[in-house]
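Please view the sequence and structure below before reading on.

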Amino acid sequence: MSETPFYMQGNFKPIETEVSFEELEVIGEVPAALSGHFLRNGPNPTKGDPGHWFFGDGMLHAIRLENGHATSYRNRFIKTPSYLGEEVEMVDANGQMNRYATTANTHIVEHAGKLLALAESAFPVEVTRDLDTVGAVDFDGVLKTSFTAHPKFCNKTGEMLAFGYSFLPPYLTYHRVDAQGKMVQSEAIEVPGSTMMHDFAITENYVIFMDLPLVFKMEEAMAGNMPYVWDDSYGARLGIMPRNGGNADVKWVEIEPCYVVHTLNAFEQDGKIVLDAARYAEFPDVSFNSSPGLMNRWTIDLANSKVTEEILDDRNCDFPRLDPRLEGLHNRFGYSTEFADGPGLEMKQLIKYDLDARKTETHDFGEGVAPGEGVFAGVAPDCGEDEGFILVMTCDEGRQQSELQILDAQNFAGDPVARVQMPQRVPVGFHGNWAPDVR
Ligand SMILES: [Fe+2]
């Protein structure tokens with residue numbers, strides 16, 4: 001039996017080259033409405049097995065779509081100090097975590113004209129659309145803690161709302177960045193302990209922190225193990241805070257213990273807060289198969305702190321996404337990636353949720369073809385919800401061929417409208433975004 005971990009083989013196997021190609025082959029037709037870059041981040045270890053799927057050096061892939069063509073592809077390592085082989089201390093002279101120590105391998109987002117490559121333990125790293133690394137971003141020195149890989153964007157105010165968590169106090173910090181890219185608030189939020197907090201959610205007026213029982217244990221860290229472990233005694237709670245409020249304004253509500261890696265969305269409705277996310281009964285192991293992630297709805301009544309829960313779908317999924325213009329607002333549609341049963345981490349198909357009609361559709365990519373995360377791209381800045389495309393990087397292990405597949409969101413189960421042929425295999429990664437030329 002192979003000793004090689006799953007993230008070092010098959011569709012996950014890292015690649016070594018940085019390449020640039022012009023005019024990619026396309027099966028079908030790239031929609032003329034799409035003008036911009038599809039950007040994808042993920043771990044791509046350069047120095048052998050890093051010990052965990054999460055720990056590889058960050059590599060970005062960019063495909064440019066324009067005038068009905070896939071005009072270019074390029075991939076670049078993110079030139080972080082650790083990638084460059086510089087001596088990187090994890091703890092600085094003040095006993096605080098060195099926030100320049102990062103792989104920046106998890107996500108890529110655009111805000112206030114800057115592209116930021118993100119990993120949750122560190123500062124963001126700015127990159128250009130050509131994927132050149134500019135450097136770490138500390139918001140003119142205001143940012144002192146880590147910065148989540150999953151900030152949220154308010155389409156009304158233009159703000160970027162975020163948080164950071166740490167195993168050293170402050171365990172949780174709220175960050176608010178205005179539309180011009182200025183960090184206007186960075187405030188510690190009191191929690192009972194250090195928990196692993198990968199994502200959060202926003203509504204029109206609130207942010208929602210998820211303080212769940214995956215708790216930091218120093219003895220595990222010292223033993224070289226995954227330092228965040230399940231601890232039933234910690235309890236589980238959601239912290240609802242006015243977006244412009246602070247620690248004193250957080251209302252914590254207890255929920256059934258669970259873990260959430262990624263939220264789909266949250267919004268306010270009839271005086272309550274609705275939160276949809278892939279819910280695990282316990283923390284999933286690295287293959288996401290220890291307990292299934294089921295799309296779940298929490299409805300929180302702030303008046304009496306009562307929370308109701310409802311399972312929306314019984315398939316094992318994660319990587320939920322929505323039309324980004326609706327972050328924090330009512331969304332009818334959402335999209336996620338379903339995992340295959342069995343050992344290892346294998347993506348099976350994409351799911352589309354009609355959350356109002358309580359219906360789902362799936363897109364099956366065919367035998368041996370595994371999809372990544374489905375990213376929504378609208379046909380125009382002012383188009384309706386679901387009026388656009390789902391962009392998804394696929395891997396066909398048998399053919400060693402990756403494709404950027406473009407699905408018509410409104411004909412979700414139908415054939416892709418375009419299959420852009422990648423000139424090299426793109427390993428399975430984490431998250432990506434569509435960066436349109438015009439917003
Ligand atoms: Fe994530």
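## Strand E3 and its partners

Five bridges, written 5 in the count, join strand E3 to strand E33 (residues 432–436), and the two run antiparallel; strands here are DSSP runs (E, at least two residues) numbered from the N terminus, as helices are (H or I, at least four residues), and two strands pair if DSSP finds at least two bridges between them. Within E33, Ala-435 is the bridge partner of His-37. E3 also pairs with strand E4 (residues 58–66) in the antiparallel sense, over 8 bridges, and in E4 Met-59 is the bridge partner of Gly-42.

Strand E3 itself spans residues 36–43 and is mostly covered, with 7 of its 8 residues buried; a residue is buried if 20 or more other C-beta atoms, placed from the backbone, lie within 10 Å of its own, exposed if 12 or fewer, and partly exposed in between.

## Basis of the model

The model is predicted, so local features need pLDDT of at least 70 and side-chain atom pairs count only at pLDDT 80 or more, while totals for chains, interfaces and linings use all residues. Residues are numbered from 1 along each chain as its sequence is written.

## The sheet E10 to E13

An open sheet of 4 strands has the order E10-E11-E12-E13, with antiparallel pairing. Strand E10 (152–153) and strand E13 (183–188) stand at the edges with a single partner strand each, so one side of each is left without a neighbour in the sheet.

## Val-229

Val-229 lies in strand E17 (residues 228–230) and counts as partly exposed because it has 15 C-beta neighbours inside 10 Å.
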